[in-house]
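Below are a few notes on helix packing and salt bridges, for your review. Please read them alongside the model.

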Amino acid sequence: MTGPAVPLRFGYGTNGFANHRLVDALAVIADLGYQGVALTLDHDHLDPFAPGLARRVAAVHRRLSSLGLAVVIETGARYLLDPWHKHAPTLLHDDPSRRVEFLRRAVRIGADLGAEAVSFWAGVRPPDVPEAVARNRLVAGGAAVCAEAEAAGVPLGFEPEPGMLVEEIAGWRWLRDALGAPPRFGITLDIGHCRCLEPLPVPECVAAIADHLVNVQIDDMRRGVHEHLEFGDGEIDFPPVLRALADAGYRGLVAVELPRHSHAAPAVAARSIDFLRAAASAAAHAVPPPGAA
């Protein structure tokens, strides 16, 4: 994916607009000047299990097209599959069939919407499941999702998530190898997660994984604390991060990921786009370090 620097395209995640109708959320996001949306399939935002799915997907496709928004599909809905247990079942549970079916549907929806990627993660290992068993289950479930993605022609972005079975870039590499390096199996990189727990500085994380990057989530964060923060409330220096993405030739969406800010979504989204534009401008005018290409 390396190549000449390209302008970054900013998006916003609908999980940060949980109190809005989807059609209204898309309109606000577009009106603020975002170029895309990270659409979390959920009970109130294009529920993949509700009746009339094909009709509803077609309506969302028309809405996205009319607003000029690109889209990636996110699958981190908290209680879509189980009203009692957050994110359950995952690919690591004794019966992951509902999760596998959800991810297959997400891939098909992504294909119908022309999504740039479909993102998913491993899940937290249940305490009664040995790690070796959990890893085998993840590989089996991941293979099923990869097969669906290959048939649909949709890129997958697997996200390392703090606290889950695969929480670092190194874990993503292990899973990719275990799956046989499927051609459509890329990575979703959350910039905040890099600051939270990766051993490398955030710009170096971007460079290390650039050839496999299909989806980027962006938020601020502090070291060792998995809490998605507004820009400026954490510890990340963003111009070097945006410069690293541009220098890597990344052409996908860079979507704001603030899932706990729905109570003030329009204001937060407005502040976020202003911040990112200023950071991108600073990145574009920064003098590259000695020896940089």
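Is Arg184 buried, partly exposed or exposed? Arg184 counts as partly exposed, at 30% relative accessibility; buried means under 20% relative accessible area, exposed over 50%, and partly exposed in between, with a 1.4 Å probe and protein chains only.

1. Basis. This is a predicted model, in which local features need pLDDT of at least 70 and side-chain atom pairs count only at pLDDT 80 or more, while totals for chains, interfaces and linings use all residues. Residues are numbered from 1 along each chain as its sequence is written, and side-chain values use heavy atoms, with hydrogens and water left out.

2. Arg184 and Glu150 meet through their side chains in a salt bridge, at 3.4 Å from N to O. The pair links distant parts of the chain, 34 residues apart: Arg184 is in the loop between α5 and β6 (185-190), and Glu150 is in helix α4 (residues 131-152). Glu150 is partly exposed, with a relative accessible area of 41%. A salt bridge here is a side-chain nitrogen of Lys or Arg within 4 Å of a carboxyl oxygen of Asp or Glu. By this rule the count comes to twelve salt bridges. Helices (H or I, at least four residues) and strands (E, at least two) are DSSP runs, numbered from the N terminus.

3. The closest N and O atoms of Arg105 and Glu101 are 2.8 Å apart, in a salt bridge. Both residues lie in helix α3 (residues 97-113), four residues apart, about one turn of the helix. Arg105 is partly exposed at a relative accessible area of 25%, and Glu101 is partly exposed at 25%. A network of salt bridges links Glu101, Arg104, Arg105, Arg108 and Glu148.

4. Asp247 pairs with Arg243 in a salt bridge, the closest N and O atoms being 3.1 Å apart. Helix α8 (residues 238-247) holds both, four residues apart, about one turn of the helix. Asp247 counts as partly exposed, at 37% relative accessibility.

5. Packing of α5 and α7. Helix α5 (residues 169-178) packs with helix α7 (residues 202-209) at an angle of about 15 degrees, their axes 12 Å apart. That makes α5 roughly parallel to α7 (angles under 35 degrees count as roughly parallel). Axes are lines fitted to C-alpha atoms, for helices over the stretch in contact, and angles run from 0 to 180 degrees between N-to-C directions.

6. Contact residues. Ile169, Trp172 and Arg173 in α5 meet Cys205, Ala208 and Ile209 in α7, where contact means heavy atoms within 4.5 Å.

Note on methods. Angles under 35 degrees count as roughly parallel, over 145 as roughly antiparallel, 65 to 115 as roughly perpendicular and the rest as oblique.
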